[in-house]
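These are my notebook entries on a structure that I looked up piece by piece. Each entry takes up one topic.

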Amino acid sequence: MKKQYLLLKIFICFSWITFFQNKAGAQQTVVDSSLLDRMAALEKKVAEKRSGEDHFMVAGLTTIGFSSYKTTNTLNGASVVSKANSFPDANHYEFSPMFLWRHGKNFLLEFEPSFNNNGLSVNWADVSWFAAPGLIFRAGYFVLPYGSYAKRLAAGWINKLATDPIGIAGMTPTDYGIEAEGGFHLGDMKMNYDIALTNGSQLHPDGTLTSGNITDNNNNKTVTGRVGLLPFPNSSLEVGVSGMFGKVGTPGSATQNAKGNSYAFDLNYVKNFNPVLLNIKAQYNIQNIDNVNYISPVDTTQTYTFDNHTIASFAQCSLRPVNVNSFIKNIEVAGRYTMYNTPANSTFGSDQHAVTVGLSYWLNWRTVFKVTYESYTGNSTASKDLGAFTGKTSTNTLFVQFSIQL
């Protein structure tokens, strides 16, 4: 996962909010349930590190839990039921320290290794240059600015539920390249931007994509960008639109001319309706890959094709009674609906839906204990001729999860 960068990202966003507030006068900013507490602690930590030119800090997060599930797969009229439970909820476990090295006021190196899926990986490895107010240049290995979920909301100590919305984070690549981001004021409104130039994703022989390749498979680079608009002076609403465009085919192969065009639309709304804080998140992803001929997995002398079109979306709402004087103010309830539709007549086509509900107890602004229940249904739309059809799968899962950021 690519999560710890959120620590710095949130601090930068908060700095911009503060800048705009000062410029606009006495406007009231509405932020996430415990964001102000998080920022206050982070500012204090940063202030303690200000002496000298070089500063080194180690932060990090971990998410651990337990899951118990029952799965029913129905294929050709026959059903197979399986049950299992496991520590530490392998799909969501991670231990990710983050190393931050700042030189002077303008340069920051960040590196976040992660132990997850029973192995080591890297979430972030980049250098940032704070060139001017509202302008940051970045180079290295980082999460692309496609939608808002992967960059802002995916960390276990921020996510209101134990799981990620299916398909959403997976459609946001981490890649090698350069990036520029920042924000500015538009009267009472605010706007932010984020644009990256990277190696780009690569098309596999089955029509799926892979990303994060240090060697590009072609001479074309992928452009990814997001623009966010906060139309209200109190910043309670943000709407964003993203695009990702580039060639994904490999020269000399049957897919050499294939291009990918993706779009995403996201919404964040946080409003205090005393005594309850309402928090709404949503995102809609669209991915199109040019149609090409693929080699059949059942007869390599034959080819097949399909409409390589993928859609993923989610809508989430959470409520927290922040303005009451009891332990109830630490409780947050959340619900989410997710849809993920992958190409029909391919080897991986499916029509997936999930309903997720959860209860969180915030021990403090960066420590949360969650109980989540998720009901998932997946109907295979994969090709029967290619032997890929898997029928209908239903899974009901109970998650118990603890997450902390230090």
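I began with F111, which I found in strand β4; strands (E, at least two residues) and helices (H or I, at least four) are DSSP runs, numbered from the N terminus. I noted F111 as partly exposed, with a relative accessible area of 36%. On the scale I used, buried means under 20% relative accessible area, exposed means over 50%, and partly exposed lies in between, with a 1.4 Å probe and protein chains only. From C-alpha to C-alpha, F111 and L100 are 6.8 Å apart in space and 11 residues apart in sequence.

On the source, I record that this is a predicted model, that local features need pLDDT of at least 70 and side-chain atom pairs count only at pLDDT 80 or more, and that totals for chains, interfaces and linings use all residues. Residues are numbered from 1 along each chain as its sequence is written, and side-chain values use heavy atoms, with hydrogens and water left out.

**Nonpolar patch**

I next asked which residues form a nonpolar patch on the surface. They are F56, V58, W101, F107, L109, V127, W129 and F137, with about 750 Å² of accessible area together. Strands β1 (54-75), β4 (107-116) and β5 (119-132) are the elements that give two or more residues to this patch. F56 belongs to strand β1. A patch takes residues with over 30% relative accessible area and no salt bridge, and nonpolar side chains (Val, Leu, Ile, Met, Phe, Trp, Tyr) are joined within 5 Å, like charges within 9 Å. The areas come from the Shrake-Rupley method with a 1.4 Å probe, and for residues only the protein chains shown count as cover.

**Salt bridges**

Side chains of opposite charge can pair when their charged atoms come close. My rule for a salt bridge was a side-chain nitrogen of Lys or Arg within 4 Å of a carboxyl oxygen of Asp or Glu. By this rule I count 12 salt bridges.

One of them joins D194 and K151, whose closest N and O atoms are 2.9 Å apart. Because D194 lies in strand β8 (residues 189-198) and K151 in helix α3 (residues 149-153), the pair ties together parts that are 43 residues apart in sequence. I found both D194 and K151 to be buried.

E332 and K160 form another, at 3.5 Å from N to O. E332 is in strand β18 (residues 331-342) and K160 in the loop between α3 and β7 (174-186), so this pair ties together parts 172 residues apart in sequence. Both E332 and K160 are buried.

I also looked up E374 and R336, a salt bridge with its closest N and O atoms 3.5 Å apart. This pair links distant parts of the chain, with E374 in strand β20 (residues 367-380) and R336 in strand β18, 38 residues apart. E374 and R336 are both buried.

Which residues are linked in a network of salt bridges? I list E110, D126, R138, K151, E179, E181 and D194.

**Cavities**

On a 1 Å grid over the protein atoms alone, a cavity is a set of points where a 1.4 Å probe fits but cannot get out, and lining residues have an atom within 4 Å of a point. Grid points are joined across faces, edges and corners, and the volume is the space filled by probe spheres set on the points.

The second largest cavity holds about 100 Å³ of space. It is lined by 13 residues, and S201, M244, V248, G260 and S262 are the closest to its centre. The elements giving two or more residues to this lining are β12 (237-247), β13 (259-273) and β14 (276-289).

**Loops and backbone**

I placed P251 in the loop between β12 and β13. P251 is exposed, with a relative accessible area of 51%. P251 and N219 are 9.0 Å apart, C-alpha to C-alpha, and 32 residues apart in sequence.

Most residues other than glycine have a negative phi, and most peptide bonds are trans. The peptide bond from N274 to P275 is cis, with omega near 10°, and P275 sits in the loop between β13 and β14.

For N117, I noted a positive phi, near 50°. N117 is in the loop between β4 and β5 and is exposed, with a relative accessible area of 58%. N345 also has a positive phi, near 65°, and its place is in the loop between β18 and β19 (350-364).

Definitions and conventions: 1 Å grid on protein atoms, 1.4 Å probe; cavity = no way out; pocket = protein on both sides within 12 Å on 5 of 7 lines; lining within 4 Å.
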